[in-house]
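Colleague: I am new to this one. Can you walk me through it, term by term?

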Amino acid sequence: MVQRLGIPLLTVFSVTFVTSAWAAVDFDRQVLPILSAKCFSCHGPAMKLAKLDLSSRDAMLRGGERGPALVVGDAMKSPLYLRVAGLEKPAMPMGGKITDAEADILKRWVDEKAPWGVAAIAVVVDKKAAAAAEEMVIPQAARNYWAFQLPKKAAVPPLKNPVDFFLAREWQSQKLTHAPKAEPRTLVRRAYLDLTGLPPTPDQVKEFINDKTSNAWPVLIERLLASPQYGERWGRHWLDVARYADSNGYEHDFDRPNAWRYRDYVISAFNKDTPFDRFLVEQIAGDEVQNPTDETRIATAFLRNHAKIGFREKDNPQFRYEYLDDMIATIGRGVLGMTVQCARCHNHKFDPIPQKDYYRLQAALFGYVEVDHPLVPETEAALYHKQIKDVEDALRPVQDQLKQLERPYRDQLLPAKYLKFPANVQQAINTPEGKRTPGQVLLANQIIRTTSVASNEIDRIMKPADAVVKQQLLHQMRDIEKLRPKPIPVAMGITDGDYRFVPDGPGDEPAPGKSRQQADFAGSYLHEGTGAYKVPPSYFLHHGDVNSHGTEMEPGFLTVATYNNPPVALPPANGNTSGRRLALAKWLGSTDNPLTARVMVNRIWRHHFGVGIVPTMDNFGKNGELPSHPELLDWLAVEFMDQGWSIKQMHRLLMTSEAYQMSSEFAAETNIAKDASNHYLWRFRQQRLEAEAVRDVVLAASGSLNLQMYGTAIFPHINDEILGSMTKGIWNQKSSEDGKEEWRRSIYVYRKRGLPLPFFEVFDLPDQNIACTQRNSSTVPTQALMLMNDEFILSHAGKLAAKIKAAASSKDQQVHLAYALALSRPPTDQERTLALVFLETQKLEAFTHVLLNLNEFVYIR
């Protein structure tokens, strides 16, 4: 196909000479070969990085995001020459270099007024060659890497726990002696903290100690798995992966008033032992399943949990690709254990993940739109929407009158407000809209949108006659507002639609319960006459640049991890969605996927044993660490799938092993010399509780813990100095006499991205903006200072002391009860003696404060 240069086509060029446009520098023979070889691959008709196209003289003069590339007749003012000559940064071409002779040719050509000779040039475009540039050949050998092989079960002797069998083989091979069984009091506290995140009460410890039957340990595990507190503990682990938060993050950190419903869904799913493959389906495609429910629609918030800039995507549409990248990164790292996001701009540098696989995954998600799912019957939701529409229709003309009335006063006041901004911002605002550069458009839009004139400011300068009219209009609006129905319950989530929306309500957000699918382009992707939904096209993006479209993408999965017949996207019967996300979710939870089961059992193992069989939880690729016990990992992965993807069944298997019940205090010198890091797990690893669990065990020990489950978030006290640093969003701090509401479990604490609870932050709360697959566990002075001086700790040390005083009169009884409540054990003789001496001069509150500061109090041992 032959086209004139300058028409946006593709990037593979060969030049045919037709006539000549001679000048001192021959464009055809000298300039065009340089541009074609060094520039067009990134700044040509098909790929326009930074919106810059160098394939025609007019395009050079128009320029890109940073302005024109060419100043005719002056090379020293032309970025085209300055960049290739290395006189302006970044130097071009990226990843390459032109010779001094080539740079000189370009300089002379520009100085000679850059004659193009358009009539002399024809371009032959090879579409197949351009498409081939998007392909990456994955050698068969790549599948031989352990993580891409389907897991297989090795033979295990009958009646032998596979965990013990595989570990024992390594102990024997390495000549290691494993630790003895931990004492019962240690085991019962270990199990309670591990499965519920709460310590056992003294009565619960006694019950286990006094049970002399052979199945006392399995019975305890079953009781804890049936406890509602199990879902709160293990749901918290998944919320880290899901990057759950109650606010948007970034500058404005807007509140997400319905995010808590997703948190509650996760807790409930763990308590019900929802099969993990189904759990993934509900979160990725809960609106596409057969007979979707409120619960499955709530689950789709998993894909909407990402941190977000403001509300309105239409103001900055490029951010949509950042949100899609976050979804792919979360699924990649959290579910597949692969850094798929690294293939956004190029083929993965270390793993066999083509860039095309990234965009196939993006195509599976591309049609998503944000929606607030109504949690009421359809008829009630329809009536609510009609009533809202009636109110909005009645308000609109009155609001328009008020805007017209206030506009001259607002226009009078706004210029003074813009004067506080830097000169470049003022220049952007003052430049006529059609003449703004892309950078000025972003600046002007942001400032104009966020700078407002308050109504009371207008009132101060408004003419008396206009003020009377304004009051009449406001009175009309108040009367209309009385007709607005109470909000119906809704859940934030997603569905398929056209993302190029206009918000429905008068503000940034659509009206409650109303889908953003109902927008100005809502019908653009419907099949004519059928009403069936059609996904907006998504493309391979060269270098990840949103303006450099390659081939239109069809949905797909990781090629190297796909076996047999993967799921195909089939739209549901109602035709409202594409079925693409459902196909993706089914592939993730397929027995033919070699990654998902391994990643999940590795996560469960890590929470029980302190370190994953693969220590790099989110990277099973070449840059990750190899599994310490590969056959054990594969056995567990297959067993997980064979047992219906049951997480609770995996707990039973791991916790009934002898390995889980080993002591953590065994210190054989020969073992330490051979394996000081406990790589082969010859003793139980002690683990410090994560931030939320530390707070919870303090509340539990003091007797203050409120076990009320589910519902809206709580706002524990933050001191005024820190709270004063919050400029946007909410922290609805309440001061109650007994504090009962704010003493609920920490999973219910409001997760504000812009202001994490300081207590949590000190104890290694992860970055709430991205998926966290493994928390850091540091030991720093600020943790000790927090436990010694924080008002929360001091207050609950006092409550623990009061509880002890009410139940025990003598000092000796008080010491025993304090140890039982805080550490689930009696004091040793030495500890008892020291405590009694301490209490001769100190109050009981000081003693309980000491117990809350012990390492043993905040560690699973």
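This is a predicted model: local features need pLDDT of at least 70, side-chain atom pairs count only at pLDDT 80 or more; totals for chains, interfaces and linings use all residues.

Colleague: What makes a space a cavity here?

Modeller: A 1.4 Å probe fits inside but cannot get out, so the space counts as a cavity. Searching the whole structure gives 10 cavities of 30 Å³ or more.

Colleague: Which residues line the largest cavity?

Modeller: Glu232, Arg233 and Arg236 do, with Glu690, Glu692, Ala693 and Asp696, and then Arg745, Ser746 and Ile747. Two elements give two or more residues each to this lining: helix 11 (228-241) and helix 27 (691-702).

Colleague: How many residues of each class are in that lining?

Modeller: Charged residues number 7, nonpolar 2 and polar 1. Arg and Glu count as charged, so Arg233 and Glu690 belong to that class.

Colleague: Why is helix 22 called mostly covered?

Modeller: Buried means under 20% relative accessible area, and 8 of the 9 residues of helix 22 (580-588) pass that test, so the helix is mostly covered. The buried ones are Arg580, Arg581, Leu582, Ala583, Leu584, Ala585, Trp587 and Leu588.

Colleague: What covers the buried residues of helix 22?

Modeller: The cover includes helix 13 (276-285), helix 15 (319-336), helix 16 (355-365), strand 5 (490-496) and helix 23 (596-609).

Colleague: What is Leu584 in contact with, beyond its neighbours within four places in sequence?

Modeller: Ile284, Ile331, Leu361, Ala364, Leu365 and Phe557. Each has a heavy atom within 4.5 Å of one in Leu584, so each is a contact.

Colleague: Which members of the largest nonpolar core touch the most other members?

Modeller: Trp238, Tyr262, Leu558, Leu584 and Leu636, out of 175 residues. Helix 15 gives the largest share of this core, 8 residues. Another core, of 26 residues, lies apart from it; Phe40, Leu52, Met60 and Trp116 are among its members.

Colleague: Now a loop. Where is Arg143 found?

Modeller: Arg143 sits in the loop between helix 6 (127-132) and helix 7 (162-174). Arg143 and Ala561 are 418 residues apart in sequence, yet 7.7 Å apart in space, C-alpha to C-alpha. Leaving aside neighbours within four places in sequence, Arg143 is in contact with Phe148, Gln149, Thr559, Val560, Ala561, Thr562 and Tyr563.

Colleague: How do you know that the side chain of Arg143 makes a polar contact with the backbone oxygen of Val560?

Modeller: The distance is 3.1 Å.

Note on methods:
Residues are numbered from 1 along each chain as its sequence is written. Side-chain values use heavy atoms; hydrogens and water are left out. On a 1 Å grid over the protein atoms alone, a cavity is a set of points where a 1.4 Å probe fits but cannot get out, and a pocket is an open set with protein on both sides within 12 Å along at least five of seven lines; lining residues have an atom within 4 Å of a point. Grid points are joined across faces, edges and corners, and a volume is the space filled by probe spheres set on the points. Helices (H or I, at least four residues) and strands (E, at least two) are DSSP runs, numbered from the N terminus. Buried means under 20% relative accessible area, exposed over 50%, partly exposed in between (1.4 Å probe, protein chains only). A nonpolar core is a set of buried Ala, Val, Leu, Ile, Met, Phe, Trp, Tyr and Cys residues joined through side-chain atoms within 4.5 Å. A polar contact is a pair of N or O atoms within 3.5 Å; within protein, one must be able to donate a hydrogen and the other to accept it, and residues adjacent in sequence count only if both atoms are side-chain atoms.
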